[in-house]
Amino acid sequence: MKPNSEVDFVAEALPAFISEAEEQIEQLEQLLLQLEDAPEDAALLNALFRCAHTVKGSAGIFGLDAVVAFTHHVETLLSRLREGLVKLTPELSTLLLRCNDQVRTLIEQARGAQEDDEATQATRAALVDQLQAASGLQAAKPAPVAAPQVADTRRRWHVSAAFGADTFRNGMDPLTILNYVRGLGEVPRMVCDLPAVPLLDRLDPESCHLTFEFGLLSEAKREQIEGAFSFVRDDCQLHVIQPAATTAEFADLIDAMPDNPRLGDILVAAGAITLAQLQQGLRAQSAAAEQGLNTPLGQLLSDTVGVAPAVVDAALKKQQRSQRSLSAGVREGGGTAAPADDQRFIRVQANRLDDVINLLGELVIAGAGAALLAKQTKQRKLVEANAQISRLIEEIRNGTLQLRMVPIGETFSRFRRVVRDTAAELGKDVALELVGGDTELDKSVVERIADPLMHLVRNALDHGLEPAEQRQAAGKPAQGKLVLSARHEAGSIVICIRDDGRGIQRQKVLQRAWDRGLVEPGVVPDDDAILRLIFEPGFSTAEKITNLSGRGVGMDVVRSNIEALRGSVMLSSVEGQGSTIEIRLPLTLAIIDGFLIGVGNSKFIFPLDAVVEVIANRARPEQLDSRGRGVVELRGQVLPVVSLRALYALEGDEPARGSVVVLQAGNRRYGVLVDQLLGQHQTVIKPLGRMFRSLRGMSGSSILGNGEVALIFDVHSLCQMAAEPSGQPQDRSRTTPSEGLAS
Amino acid sequence: MSEHAPATLKLPQELTIYAVGELHPQWLAWLAEASTQGREEAEVDARAVDQVDAAGLQMLVSLQRSLADRGLRLRLQEPSEPLRQGCRALGLCEWLAAGMADATPTEEAAA
């Protein structure tokens, strides 16, 4: 039985591994891109190593040998990088990005989604060669050895090993490990950090507080030395420093050391000075003190012993930090910021969450039905009880919808790579700025907006931003700027893509439209209309079709994708200065707070966020044009209104007095003439069937408590419809809504 | 104040992770005793030590530091060969020497 259950376990756990591995790979890419701006950042390099290490380790559990083998080489190089032995150059960064892609491919293969073929294998082998070259090159220089007596092929290493607190509990003994290391060569001197061992009354005898610093004269390779610590690797802070370590490496080592408030100890421990030198410095210090001079120890060491000032600086900073954290730690029990890993997460299957949300939707409807019936009984206690239930349902609803929200920053981050690679391909220098990454939206919206965004970004890079020479000729900085931003606004999320490129060239667009027969040649529509032409199918102004865009399938597909999400896209641009694309999306696709109104025999719902105010019992305006539009005076200002009855040719008796619902769409306000105001209504959105996709102004439908169907307005497109000047040809069909058509 | 010498702490045969849990309270009690005696030195008999590991030596170091904290000097009597070897392995030779010497130790390892 046992082998079977193990196999089952592996099979069950594999998807979780795949998903985690994919996350690590994503993170790896992000880190590499961040490192391009800060190639020496130790924290980033460490995190980079850990990602590869995690993938390799987990892959090992699942027996994915190909992944392990390849990732091992990556890990070796990353280890060198974080030791500071290899510098992260742009070429290396590109190599690592490509290796990361290869790991991605390998994971896909593990998932069964791809087959390994010869081409991929050849690529992999080439990458391995490059990795080995990059790892081996810088580390291979044997430094001149300080010990002159022996004709030495041995190299001088400095090893710092801080065994973690759980070392004993994990069954490891530092003593045997260090004995093993001694077997690799000669240890002229070893120092144990005695002050780090707590006093007896504070000691947990089963926790390990041992840190050792020692030199090692050995012919062994780094892997062998590090290999001695492989069983405690995860728990032990190990530094193996190369011969003739540079000042920077010592400074890094000092930085990484556990807190130790004594400067001299720090330096001795780091091997920057010997104990004898420290004593010499201390004696010099007390001698100076006797003479009334107050010389800092660091300076003395620098002067008398020749420690590099940078190393002393690093040790001093460490000392200050240690002292500060000592006193702060007593007060707050705090220290440095906890890593973000401390946040607790639970993995949830997306479809299970969807099921819960569906049920919740049904609950909302059932609750509304019950509330309606309760109202009819006129029993106060029953009505109150139902009100309480409705409140609770609302809270659960809000909480559950929150579960599906993810920050858009994750999607935005992917664009760093795209922009980097694309800009390089096109030979353009582009700075990408990401704003509002923590703006949250529904997971399914995020997934479906990624492709349209990608296309728009590529477009901006390809067509929008000019090459450096043209920019400079126009008096702009050579580096182009691309800003991706996201924010919440009135129940929607607004995503902007802004570039400071050449802007939309109206004349070119118009010419193309004439050529393509989209506009009668010679007719010049107004500016807004010209910009909207870009979204027409089959449109493209690219002189030569580049690989990325310009194939003419772009913008109209982008728009329809966005509209399928009940969103809208708008383009604004100033020639010579740049363009801005604004995408509006609903926050969630599932449930909506609405305002219910009635016109004739039909009921409609406006998203509550869009309702600014309601004017009840207003006499109808005298003049309405053929499409039911007119104006109304509101507090001294003119408000354009549209009559729903006229717009949709609805039937039913028209009462003498109606009401006006004032709606906000973007930065425009307009009013809608309705018969009845029916109050707030929380509703589950059911999508309109495919037949009704062409219905403009509607974004969905809903079932009311009494079983009636109400259509939900898309405030934005309703506004556009209402704003269109008369006589403009409708490019989409208009159908009259009637009851019972919602699916 | 009593005239006789303070009780000597006898180190056990097994000074390892398996023993430290039990030894810890015993040593704490001995430490409390030793510090009330008003002496300058505390004697520890290290003859019997046969097995040693890092956990055991760590606690020994902790004991020495606690004694020093109370103004007492640790004196290790006749450290056995396994104990010496253990100290050597962990870079505690100087520490050990300081614990055995008669003269005031330089204490540089603990400074």
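These notes go through the predicted model of chain A point by point.

1. Ground rules. Residues are numbered from 1 along each chain as its sequence is written, chains are lettered from A and ligands numbered from 1 in the order in which they are written, and side-chain values use heavy atoms, leaving out hydrogens and water. In this predicted model, local features need pLDDT of at least 70 and side-chain atom pairs count only at pLDDT 80 or more, while totals for chains, interfaces and linings use all residues.

2. Overall make-up. Chain A has 22 helices and 22 strands. Helices (H or I, at least four residues) and strands (E, at least two) are DSSP runs, numbered from the N terminus. Of the 743 residues of chain A, 45% count as buried. Buried means under 20% relative accessible area, exposed over 50%, and partly exposed in between (1.4 Å probe, protein chains only). Now take the contacts in chain A with a separation of 6 or more: residues 24 or more positions apart account for 69% of them. Contact means heavy atoms within 4.5 Å.

3. Helices α2 and α3. How do these two helices of chain A cross? The axes of α2 (residues 42-61) and α3 (residues 65-83) come within 9 Å and cross at roughly 160°. Therefore α2(A) is roughly antiparallel to α3(A). Axes are lines fitted to C-alpha atoms, for helices over the stretch in contact, and angles run from 0 to 180 degrees between N-to-C directions. Angles under 35 degrees count as roughly parallel, over 145 as roughly antiparallel, 65 to 115 as roughly perpendicular and the rest as oblique. The crossing of α2(A) and α3(A) is left-handed. That term applies if the near helix is turned anticlockwise from the far one by less than a right angle; clockwise is right-handed.

4. Who touches whom. On α2(A), the contact residues include A:Leu45, A:Phe49 and A:Ala52. On α3(A), A:Val68, A:His72 and A:Leu78 are among them. The residues of this contact of α2(A) with α3(A) divide into 10 nonpolar, 6 polar and 3 charged. Ala, Val, Leu, Ile, Met, Phe, Trp, Tyr, Cys and Pro count as nonpolar, Asp, Glu, Lys and Arg as charged, and the others, Gly among them, as polar.

5. Helices α16 and α20. In chain A, α16 (residues 443-464) and α20 (residues 554-564) pack at an angle of about 150°, with axes 9 Å apart. So α16(A) is roughly antiparallel to α20(A). Their crossing is left-handed. A:Ile449 and A:Leu456 are among the residues of α16(A) that meet α20(A), whose side includes A:Met555 and A:Val558. This contact of α16(A) with α20(A) divides into 7 nonpolar, 4 polar and 1 charged.

6. Aromatic pairs. The structure holds 5 aromatic pairs over all chains. In one of these, A:Phe163 and A:Phe212 sit edge-to-face, 5.9 Å centre to centre, with 75° between the planes. Rings of Phe, Tyr and Trp (its six-membered ring) pair if their centres lie within 6.5 Å; planes under 30 degrees apart count as stacked, over 60 as edge-to-face and the rest as tilted. The pair links distant parts of the chain, 49 residues apart: A:Phe163 is in the loop between β1 (155-162) and α6 (174-182), and A:Phe212 is in strand β4 (residues 211-218). Both A:Phe163 and A:Phe212 are buried. Elsewhere, ring pairs link A:Phe604, A:Phe606, A:Tyr648 and A:Phe713 into a cluster.

7. Positive phi. A:Lys378 is a residue other than glycine with a positive phi, near 60°. The loop between α13 (350-377) and α14 (380-403) of chain A holds A:Lys378. A:Lys378 counts as exposed because its relative accessibility is 72%. Phi of A:Ala649 is also positive, near 50°. A:Ala649 lies in the loop between α21 (644-648) and β18 (657-665) of chain A. Is A:Ala649 buried or exposed? Exposed, because its relative accessibility is 55%.
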